[in-house]
Amino acid sequence: MHRWKLALLTAGLLATTATGCAGGTSAPDPAARVGGSAAHRAAGDPQRTLHLAEQLLVRTCMTKRGHEYWVEPPPPKDLAARFPLVVDDPAWARAHGYGTDLRRRREAEVRADPNQKYFRSASAANRSDLVRDLNGPEPRGLSARLPNGMRVTHSDRGCQAAAQRELYGDLKAWFRATRVTGALDGMRLGLVTADKRYRTALAPWARCMRGKGHPYADPAASRAAATRADRPWPHAKEVRLASAEAACAASSGLADVARALNTEYRVELGRRHPRETADLARLRREALPRARAIVAREG
């Protein structure tokens, strides 16, 4: 979710019942507003190109409706996205621990974000207009049934929907594919952590951690201890714990087991939901030439 849309959601005005999504929190590049620098960075990276093209289309649409809009860069990976099961990169752990330093930096960047400043400076009536014009008037028009049976909906109007329709062509298929495959990510992690092979691999990891003075039963417990917002750890202490987790993940074999199971269940879930998995890949592939043309035109 883009930072400005996160601000709109916080304001309690977002007219959607779409699934939750991670908040992007990196500061926007001022050059991205005119496209040139961002276009250069997107070259050769399909996901960055698609993201930038969609943002440029949103900006054009919002401008036509009388609003300011700053192009948002792709959201950075947070800890859960980078290490969903266990921290297994010793160098990253030595630098960032569990990423609390990066999270605080991103929070500061969010507070300085021009889209959020613009939203906060608007009157109540104008804020409602901003929400409606960006996200649509009400969560109708787009619908998807998630693997757990829950139905999610979103407006098929508004600048976000218009941008995705122009970029991907079949907006309904895009909405369904992104929501279902996004839900599969959470399902996959649940399957991995419930797997007997993963639970078995936890035992030597926990012994290794206890030997280093960290009596945690699994990586989720060590991560939770170090990242409580109401009880922040000193950075050096956080780094020591994360570094121990990464070292034990390698020496115990947990990292290898986690990676193998993650791949196994990704393939299995893709087979269970072939339509959405195939649609997502196809829509991205077909949209890429359009995205490159949009970026080239704006750049």
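Which helix gives the largest share of the lining of the second largest pocket? Helix H6, residues 100-111, with four residues. Helices here are DSSP runs of H or I, at least four residues, numbered from the N terminus.

Some ground rules. This is a predicted model, where local features need pLDDT of at least 70, side-chain atom pairs count only at pLDDT 80 or more, and totals for chains, interfaces and linings use all residues. Residues are numbered from 1 along each chain as its sequence is written, and side-chain values use heavy atoms, with hydrogens and water left out.

Back to the lining. Trp92, Tyr98 and Arg223 are among its residues. It divides into four nonpolar, three polar and five charged residues. A pocket is an open set of points on a 1 Å grid over the protein atoms alone, where a 1.4 Å probe fits, with protein on both sides within 12 Å along at least five of seven lines; lining residues have an atom within 4 Å of a point.

Now salt bridges: a side-chain nitrogen of Lys or Arg within 4 Å of a carboxyl oxygen of Asp or Glu. The count is 15.

Take Asp185 and Arg188, bridged at 3.0 Å, N to O. They sit three residues apart in helix H10 (residues 171-194), so about one helical turn separates them. Arg188 is buried at 9% relative accessible area, while Asp185 is partly exposed at 39%. Buried means under 20%, exposed over 50%, partly exposed in between, with a 1.4 Å probe and protein chains only.

Next, Asp129 and Arg132 in helix H8 (residues 124-135). Their closest N and O atoms are 2.9 Å apart.

How values were computed:
Helix = DSSP H or I, 4+ residues; strand = E, 2+ residues; numbered from the N terminus. Nonpolar A, V, L, I, M, F, W, Y, C, P; charged D, E, K, R; others polar.
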